Amino acid sequence: MRKPNETKLLNEKTIEENVLTSRDYKYGFYTDIATDRIPKGLSEETIHLICDKKKEPDWMREWRLKAYRHWKTMAEPHWPNFKYGPIDYQGVSYYSAPKKVKAAGAGPKSMTEVDPELVKAFEKLGIPLSEQKRLSGVAVDAVFDSVSVGTTHQAELAKHGVIFCSMTEAIRHHGDLVKKYMGSVVPYSDNFFAALNAAVFSDGSFCYIPKGVMCPLELSTYFRINAAESGQFERTLIVAEEGSYVSYLEGCTAPMRDENQLHAAVVELIALDDAQIKYSTVQNWYSGDKEGRGGIYNFVTKRGKCLGRRSKISWTQVEAGAAITWKYPSCILQGDESVGEFYSVALTNHRMQADTGTKMIHIGKKTRSTVVSKGISTDESNNNYRGLIKILPSADGARNFSQCDSMLVGNKCSANTFPYIEVRNSTAVMEHEASTSKISAEQVFYLKSRGLDMEEAVSLIINGFCKEVFKELPMEFAVEAVRLLEMKLGGSVG
Amino acid sequence: MEQLDALTGPLAKETSPGWLRQTRQAGLARFRQLGIPTVKDEEWKYTNLAPLTAYRYAPAARSALSPAQRKDILDRCVSKGDLNIVFVNGALDKELSSFGKIAGGVEILPLRDAVENDPAPLQEIWARYDPQKDSAFVALNKALTQEGIYIHIKDKTIADQVIHVVHVTQAAGEQIAAFPHTFIRLDRSSEATVLETHAGLNDESIYFADPVTDILIGENATLHYSKAQKESLKAFHMGTTRVWQKRDSTFDGFSLAAGGAIARNNLDIVLDGEGASAILNGLYSVYQEQLVDNHTSVDHRVPNATSNQLYKGVLNDAARAVFNGKIFVRPAAQKTNSYQLNKNLLLGKDCRVDTKPQLEIFADDVKCTHGATIGQLDEDELFYLQARCISRKDAVRLLTQGFVDDLIGKIPGESIRRRISRLLAPTIEALG
């Protein structure tokens, strides 16, 4: 513990120190690895090239082309409460894969075949892939730039009938399932970035939990952007059959660079009767430097459909990175008595901007939803909560509870809330509350008088502020999230 | 915009003083630029104005009222003890009004006279707002306002009497449009109570009211301001009240929205002096297929100001309510306290509520909260009353009355409270 006389007031630490602290972003390294990439630019050619590389069936090719043609008719949206520079869609390479990965979904049969450089890179990120070291309770699909480099524990999962593999593999081996569900929650025409993703997505994860199966492991995908002048466009599809349960985690990082890289992903979840999907994200893309140079544009469409009766989808997210985060993990509560949940912590520092929240669309009878969102903004960042609670006339007895709290640290940041509440059924009951405040001086004083320094005190208070969300995360992730938050706040406070 | 041709046409021939003519032309240009808002406009996302544009509007013909009509207006809209300013179909009716017995320190002038005597105070109030940010209906009012009233409370004056500005519309046949403008100016350490009533005498008449009220509250002054709006069931009301508050001033506001095919009430408060406080309470009660839309905006520009909002709504039948409350806290506005709550009671089968409380905060040392609830009457409470031999219908009325009573209790001024309760009575009576 530091001596008390070393403690500093809020925001007193210089920005230089802030940037120099090693804690700032330890995932900012670049792995120098031979890559197989297609030339920059986007046209129908590009799509054919991606399809050829991945040896995709014709229906997939058709779907991509349809999406691309639709995308061309759409305009880049600029309605959110942040500004982003022009994105040069022709200046990006839409496919970049490490050379030694066996292409075309043949995927390495065992993890021993994966390029040791890649294994090393993932180890450095804290994701051990090799047989001996890997975490026992978690199956990992590791996605490096445009492709999945390997998926662990596949054999063990197969024993239970669970399919967990890269999207490329899924399209080849489980085409009928993919064909049935892909685009059923987020159609390619949904929005500008979803259309772009549908046209050029290069990989992602696919999970299928058969009827009545409790998935024995936590499934997870780790996304890593490595190559420059590229983007990451992955697509995740999770289908939970009747009475099944799955918990899925995703993590993501990228090297530090001065350019803005686009990450436009799509996630679709489908829960049938009595099924439950728990989806957790710890997002730590590179967020740019103190001046706001570089960082990832994280423009993601995530949506789950509670198709079956009594199904449940729960989103938990910790958003701590990316220059701009723009996403609204949503639930379409179609099945009667289905349940949607959204727990979020969004932390912004430097000049990060976040416009995030959720949409809960109540269609079925007695559907319920809970929204808990915590925003923390520091430095010169801008943190927005934007949510929609929509209760349609068919949703008799629908119930919603929303709570969004913001905490401001420093006087150059801003926090905004834009909750949209649309109720068209008179039997619905909903409550919404929101608050914005700064860290209470009394609480800080109390902790400091007990020997904690400023930074520890603030960290402890913020931890408490976020606890409601963290307790929803699986254990390892919760620990990780707490550490991530401390790391991020380290420069801003204390 | 051809719906308004009959109104905008004569503008070119205007003979008013130069600055007023300029304001009118600027207002018209701004309105032409904006047009009538559509649902694509974020501010009008939930309120579709298509019904408003379905008619052509004409200026009100100045017809003499029959003695029976006069008596009707006096009985229904005017209380004896108040200072009454009565507009009928958009025109000031001096006979029905009672400016005669004004106490010292209070100045009430028809807008035309105020413009001719000394336009400086009016110009000062208007100069505070950027005309390029005026909404379409404020711009339209500026372009077309002919009649209005200027109320001035001088330094250290406490006006005892309630000042009651009544806008009565009783159009028959033609669809008329009215654009009254009210100025209220309170100088240092003064206090006044103002009630603004907008009423239609006949529930079938179709008309368009676009009133704007500009209020400037000086240092340490207090204004108790209520706006009661119960237009005809087929009328359109697009009202705006803008309040500018100086240091240590208090705005104690209440708004009742109880009628109109589409009734929109904008209330914009600028807290521009430390220690200023604003209370914005509102009640809306609608039935059949009416739509009531309340937009409030509180702009905290300086430190140490507070604002407090409570809006409650009762919806019956297929009525719709829209609420949008914005709170802006500018970077300088440290130590701001701001509260906002919107509660909705859904009693009808097909009613619909769209609410959007909104916080935009750029300062860190603040306390801001907002909340919204939507729900029904508690079945247990209804059962309790029914078990005590109160019919379900009466039980619904009693509980609804209870829901609105705490707000009614906060209305400044006993006579205003009685008047507003009376306006509200028919909608409560219709419940169950």
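These legends accompany views of a predicted model with chains A and B.

**View 1. A:Ser344 in strand 17 of chain A.** The strand covers residues 339-348. A:Ser344 has 27 C-beta neighbours inside 10 Å and therefore counts as buried, since the cut-off for a buried residue is 20 or more.

**View 2. Contacts of A:Ser344 beyond its neighbours within four places in sequence.** The contact partners are A:Gln317, A:Glu319, A:Thr356, A:Ser373, A:Lys374 and A:Val469. A:Ser344 itself belongs to strand 17.

**View 3. A:Ser344 and A:Gln90.** In sequence, 254 residues separate A:Ser344 from A:Gln90. The C-alpha to C-alpha distance between A:Ser344 and A:Gln90 is 34 Å.

**View 4. Chain A, with eleven helices and 24 strands.** Chain A is built from 494 residues, and 55% of them count as buried. Among contacts in chain A with a separation of 6 or more, 83% join residues 24 or more positions apart.

**View 5. Chain B, with nine helices and 22 strands.** The C-alpha trace of chain B spans about 70 × 55 × 45 Å along its principal axes.

**View 6. Burial and contacts in chain B.** Of the 432 residues in chain B, 49% are buried. Residues 24 or more positions apart make up 84% of the chain B contacts with a separation of 6 or more.

Conventions
Residues are numbered from 1 along each chain as its sequence is written. Chains are lettered from A and ligands numbered from 1 in the order in which they are written. This is a predicted model: local features need pLDDT of at least 70, side-chain atom pairs count only at pLDDT 80 or more; totals for chains, interfaces and linings use all residues. Helices (H or I, at least four residues) and strands (E, at least two) are DSSP runs, numbered from the N terminus. A residue is buried if 20 or more other C-beta atoms lie within 10 Å of its own, exposed if 12 or fewer, and partly exposed in between; C-beta atoms are placed from the backbone. Two residues are in contact if their C-beta atoms, placed from the backbone, lie within 7 Å.
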